[in-house]
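The following note sets out points for discussion on the model shown below. Please read each point alongside the coordinates.

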Amino acid sequence: MTAVVEKKSPIWIKHIESLINKALELDEETRYALSQFDGKVIAFEFINTQMALFIFPSLQGVQIETEHDGKPDVWIKGTPGNFIKMLTASREETVGLPADMQIMGDIGLAQRFQDIMQSID
């Protein structure tokens, strides 16, 4: 008998995914805006932590995983604090990216994703 072992993300990541998706359930406009990224992969690498998160946005919300076999469409590297600042800054703020944050790949995708996540009501 062969056992099948699934790769699973840590439970706290699934909790974050669930919270984001609950917020998106209440914001149909933002969820619809995410549908333009269906099939795209956005990778966040947290500097000095040995952790990367792969975000799979779609009309249903977001799926967050710690592993991905393919190449992400955009790879964003920074400290955990920088990511929080980037995603929670209001649209009126013109802070820009922190100096130690790097974006490789589809920069436009990263900017559009940031704009959409900031617009969650």
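1. Two strands are taken to pair if DSSP finds at least two bridges between them; helices (H or I, at least four residues) and strands (E, at least two) are DSSP runs, numbered from the N terminus. On this basis, E45 stands opposite K77 in β4. Strand β1 (residues 42-46) and β4 pair in the parallel sense over five bridges.

2. This is a predicted model, in which local features need pLDDT of at least 70 and side-chain atom pairs count only at pLDDT 80 or more, while totals for chains, interfaces and linings use all residues. Residues are numbered from 1 along each chain as its sequence is written, and side-chain values use heavy atoms, with hydrogens and water left out.

3. Strand β4 is also joined to strand β5 (residues 102-105) by four bridges, and these two run antiparallel. Within β5, Q102 is the bridge partner of K77.

4. In a regular strand the side chains alternate between the two faces of the sheet. Buried means under 20% relative accessible area, exposed over 50%, and partly exposed in between (1.4 Å probe, protein chains only).

5. I16 belongs to helix α1 (residues 11-25). This residue counts as partly exposed because its relative accessibility is 38%.

6. The protein chain contains four helices and five strands, in the order α-α-β-β-β-β-α-β-α from the N terminus. Of its 121 residues, 34% are buried.
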